[in-house]
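This report walks through one protein model for a reader who is new to structures. Please look at the sequence and the 3D view before reading on.

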Amino acid sequence: MFREARPGDFDQIIRLYRQLQPDDPVLKDGSDAAAFQQILGSPALYLFVLELDGVVVATTYLNVIPNITRSASPYAVIENVVVEESRRGTGLGRQIMAGTLQAAWDAGCYKTMLMTGSRKPVTHAFYRACGFSADAKTAYVARPS
């Protein structure tokens with residue numbers, strides 16, 4: 001079942017995020033739980049999950065951003081796409097991405113973007129199969145020094 005995340009999903013989503021970013025520190029101050037609650041309470045932020053038999057097996061994070069250009073149509077950014085390691089390659093990634101993209105289109109977005117740090121050809125093939133084009137934009141990232 002594709003759906004928006006609920007407060008009780010926090011631990012299962014964190015479990016998936018540890019698969020996505022295994023080197024991230026385990027936060028003990030509750031700041032991750034506070035950010036989770038902030039996301040759930042924000043009208044333009046959508047944390048989606050794919051649930052099978054009561055277990056969250058995939059997640060995506062959709063940010064709908066207001067915009068002045070393009071007839072004041074919003075655009076979206078997708079982050080933190082992760083499917084349970086043991087279930088990758090089974091179509092769950094395409095399923096959650098289809099739902100996430102539909103949510104962006106339903107919100108009136110004229111485009112949806114994502115970036116990946118992966119160099120794996122299979123990751124890039126996955127995003128192309130989901131409808132993304134790598135040649136439409138060039139992405140740059142800045143980080144604080």
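## How to read the model

This is a predicted model, in which local features need pLDDT of at least 70 and side-chain atom pairs count only at pLDDT 80 or more, while totals for chains, interfaces and linings use all residues. Residues are numbered from 1 along each chain as its sequence is written, and side-chain values use heavy atoms, with hydrogens and water left out.

## The second largest pocket

The lining of the second largest pocket consists of 19 residues (those with an atom within 4 Å of a point), and I14, Y17, D24, L27 and D32 are the closest to the pocket's centre. Two elements, α1 and α2 (31–41), each give two or more residues to this lining, and α1 provides the largest share, six residues. Helices (H or I, at least four residues) and strands (E, at least two) are DSSP runs, numbered from the N terminus.

Sorted by class, this lining holds 13 nonpolar, three polar and three charged residues. In this sorting Ala, Val, Leu, Ile, Met, Phe, Trp, Tyr, Cys and Pro count as nonpolar, Asp, Glu, Lys and Arg as charged, and the others, Gly among them, as polar.

## The largest pocket

The largest pocket contains about 1,700 Å³ of space. Its lining is made of 47 residues, of which L114, M115, T116, T123 and Y127 are the closest to the centre. At least two lining residues come from each of α1 (10–20), β4 (75–83), α4 (92–106), β5 (112–114) and α5 (121–129), and the largest share, eight residues, belongs to α5. By class, the lining of the largest pocket has 22 nonpolar, 16 polar and nine charged residues.

## The sheet

Strands of a sheet pair through backbone hydrogen bonds, either parallel or antiparallel. Here five strands form an open sheet in the order β1-β2-β3-β4-β5, with mixed pairing, and two strands count as paired if DSSP finds at least two bridges between them. The edge strands, each of which pairs on one side only, are β1 (2–4) and β5. From one strand to the next the twist averages 30 degrees (axes are lines fitted to C-alpha atoms, for helices over the stretch in contact, and angles run from 0 to 180 degrees between N-to-C directions).

Strand β1 runs antiparallel to β2 (residues 45–52), and three bridges join them; R3 has V49 in β2 as its bridge partner. Between β2 and β3, which also run antiparallel, there are eight bridges, and L50 stands opposite A58 in β3. The hairpin of these two strands has two residues between them, and in this hairpin D53 takes a positive phi near 50 degrees. By contrast, β4 and β5 run parallel and are joined by three bridges, with A76 opposite T112 in β5.

## The nonpolar core

The largest nonpolar core has 15 residues, of which L62, I78, M97, L114, Y127 and F132 touch the most other members. Such a core is a set of buried Ala, Val, Leu, Ile, Met, Phe, Trp, Tyr and Cys residues joined through side-chain atoms within 4.5 Å, and buried means under 20% relative accessible area, exposed over 50%, and partly exposed in between (1.4 Å probe, protein chains only). The elements that give two or more residues to this core are β3 (55–65), β4 and α4, and α4 gives the most, with four residues.

## Individual residues

E4 belongs to strand β1 and is partly exposed, with a relative accessible area of 44%. Although E4 and T59 are 55 residues apart in sequence, they are 9.4 Å apart in space, C-alpha to C-alpha.

Helix α3 (residues 69–72) contains S71, which has a positive phi of about 60 degrees although it is not a glycine, and S71 counts as exposed because its relative accessibility is 75%. A72 is also found in helix α3; its phi is positive, near 60 degrees, in a residue other than glycine, and at 51% relative accessibility A72 counts as exposed.

Key. 1 Å grid on protein atoms, 1.4 Å probe; cavity = no way out; pocket = protein on both sides within 12 Å on 5 of 7 lines; lining within 4 Å. Points joined across faces, edges and corners; volume = space filled by probe spheres on them.
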